[in-house]
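Visitor: Could you take me through this structure? I am new to reading such models.

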Amino acid sequence: MASNRDDLSPSSGSTCTGGNGSSFRYPMCDCSVQASLKTTYTEGNFGRRFFACVNHKYGRSCNFFNWYDPPMCSYGRRVLRHLREKHERANMKATSSVATTEPNIASKHASLVLEVAEIRHDMESMKSKHQEELRCEMESMKSKHQQERHYYRKALVLSWAFFSVCIILGFLGGSPSNEKPALT
Ligand SMILES: [Zn+2]
């Protein structure tokens, strides 16, 4: 088979196994195996398909090579180059926009984290303040209750004492009055 390499580098091509509906016969290479259909993306033959030895990827190629597509006209090459440059520019733009957007997102995220931390801190301090107030209130209520209890106990003791004194006085004062007055 005739070899026509130009500036082609098969390693940059991707495998295309003719699954596009077109019927063609795969040529046999010098290793007596069916050659594979690949596509090159080099400057001069961008998108042009060719047959190559399958054993190329195993490092023991018989150097079989044959173009499948006819050479592209100069206009087609120009259009393709233009499209390729456009694509590269779009890629670069996308990459740079990602590079400028990422720090923005990072700083926004950092400020949000800070905000959340502040809110959490405020909540914590409010909670502890509220707990302190509640504790104070409970303490004062407890002491008030204790004072009241003390007062009631005192009152109870005093009333009991008063009652007992009354009974004793009644007993002492009542018993002589039952006796007959002594006649003189
Ligand atoms: Zn071969």
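Predicted model: local features only at pLDDT ≥ 70, side-chain atom pairs only at ≥ 80, totals over all residues.

Visitor: Is Ser32 buried or exposed, then?

Guide: Ser32 has 7 other C-beta atoms within 10 Å, so it is exposed. Its place is in the loop between β1 (14-15) and β2 (36-39).

Visitor: What is the phi of Ser32?

Guide: The phi of Ser32 is near 65°, which is a positive value in a residue other than glycine.

Visitor: And what about Asn63: where does it lie?

Guide: Asn63 lies in the loop between β3 (49-52) and β4 (65-67). Asn63 is not a glycine, yet its phi is positive, at about 65°. With 12 other C-beta atoms within 10 Å, Asn63 is exposed, because the limit for that class is 12 or fewer.

Visitor: Let me step back. In what order do the elements of the protein run?

Guide: Starting at the N terminus, the order is β-β-β-β-α. That comes to one helix and four strands.

Visitor: How far does helix α1 reach?

Guide: Helix α1 covers residues 74-174, which is 101 residues, and reaches 146 Å from its first C-alpha to its last. This is close to the 150 Å expected at 1.5 Å a residue.

Visitor: How many residues of α1 are buried?

Guide: The count is zero among its 101 residues, and α1 is hardly covered. In the protein, buried residues make up 9% of the 184 residues.

Visitor: Which residues does the "transmembrane region" annotation cover?

Guide: According to the UniProt record, an unreviewed entry, the annotation covers residues 151-172. In the model this span is 100% helix and 0% strand, and its end C-alpha atoms lie 31 Å apart.

Visitor: Now the core. Which residues form the largest nonpolar core?

Guide: The largest nonpolar core has nine residues, namely Cys29, Ala35, Leu37, Phe50, Phe51, Ala52, Cys53, Phe64 and Phe65. Strand β3 gives the most to this core, with three residues. As a general point, nonpolar side chains tend to be buried together in soluble globular proteins.

Visitor: What is Ala35 in contact with?

Guide: Leaving aside neighbours within four places in sequence, the contacts of Ala35 include Cys29, Phe51, Ala52, Cys53 and Phe64. Tyr26, Pro27, Met28 and Val54 are also among them.

Key
Residues numbered from 1 in each chain as written. Helix = DSSP H or I, 4+ residues; strand = E, 2+ residues; numbered from the N terminus. Buried ≥ 20, exposed ≤ 12 C-beta atoms within 10 Å, placed from the backbone. UniProt positions renumbered as here; feature names shortened; annotations may be inferred. Expected span 1.5 Å × (residues − 1). Core = buried A, V, L, I, M, F, W, Y, C linked by C-beta atoms within 7 Å. Contact = placed C-beta atoms within 7 Å.
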